[in-house]
Amino acid sequence: MQIKSTYGIGAANGVKMLVYGKAGRGKTTLCATCPSPIIFSAESGLLALSNYQLPYVEIRTIKDLTDAFDWASKSNEAKQFQTLCLDSLSEIAEVVLSNAKGQVKDPRQAYGELIEKMTMTIRAFRDLPGYHVYMSAKQEATKDDLTGIVLNCPSMPGSKLGQQLPYFFDEVFQLDIGKDPATQKDYRFLRTQPDFANDAKDRSGRLDPVEYPDLGNIIRKITATS
């Protein structure tokens, strides 16, 4: 039995983050704030990164996604990158689901296959040592049948997968827009702590409740050892 220390574990294993938010909030643009990123994308929203020279791989099937994982985990070429960005999980899952529906007679079978394969792949990327991992997702409002409380949270095809998603990550942030009362100008921010209307969490304990939307800075705060 090998006894290990938790000290500096974020720096050793990489920071694994999920960011969700409404369309147009800037989830894709966050990729550009990550240290040395490569993007795995099923979105047409990459236009937001047209002013940056960032490498990306298009994801259209679950095989594309598993091939991307195999490349990241085994290829020497992948070692030039520090951050793996999956933008967005919601779009990737929808593409995978659409592809799966075309191969089965019963759509329920396609949803079952989606949940199983996406869950395995998300965990596999999350557990990759030596990389930071950023995954984005759409936002939806869900109502608790018991309390009646409506909570903003990550969205995925199929209610089960969406509900499970926040449990896979140590860091779950909501990207939102606020208004400066002095200037009346809008500004973007990352919510790192939950409130009565929004899901979020920071297991590192090193982040402020509201952070500037720069994932590179957030990674530095989490991995600081002093």
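First, the ground rules. We are looking at a predicted model, where local features need pLDDT of at least 70, side-chain atom pairs count only at pLDDT 80 or more, and totals for chains, interfaces and linings use all residues. Residues are numbered from 1 along each chain as its sequence is written, and side-chain values use heavy atoms, with hydrogens and water left out.

Let's start with helix α2, residues 62–74. Helices here are DSSP runs of H or I with at least four residues, strands are runs of E with at least two, and both are numbered from the N terminus. How far apart are the end C-alpha atoms of α2? They are 18 Å apart. The expected span is 1.5 Å times one less than the number of residues.

Now its faces. I62, L65, A68 and A72 of α2 are buried. They lie on the same side of α2, because they cover an arc of only 120° around the axis. That arc is taken from the directions from the helix axis to the C-beta atoms. In general, an α-helix has 3.6 residues a turn, so residues three or four places apart point the same way. The face turned away from the buried side of α2 carries K63 and K74, both exposed. Buried is under 20% relative accessible area, exposed is over 50%, and partly exposed is in between, with a 1.4 Å probe and protein chains only.

Next, the strands. Two strands pair if DSSP finds at least two bridges between them. Take β5, residues 132–143. β1, residues 16–21, runs parallel to β5, joined by 6 bridges. There, K16 has V133 as its bridge partner. β4, residues 83–87, also runs parallel to β5, with 4 bridges. L86 stands opposite M135. β6, residues 150–155, pairs with β5 in the antiparallel sense, over 6 bridges. K143 partners V150. β5 and β6 make a hairpin with 6 residues between them, and G148 in the turn has a positive phi of about 80°.

Last, the cysteines. How many disulfides does the structure hold? The count is 0, where a disulfide is a pair of cysteine sulfur atoms within 2.5 Å. For C34, the closest cysteine sulfur is in C85, 4.1 Å away, so it is too far for a bond. C85 is in no disulfide either, and its nearest cysteine sulfur, that of C31, is 4.0 Å away. C34 is buried at 6% relative accessible area. C85 is buried at 0%.
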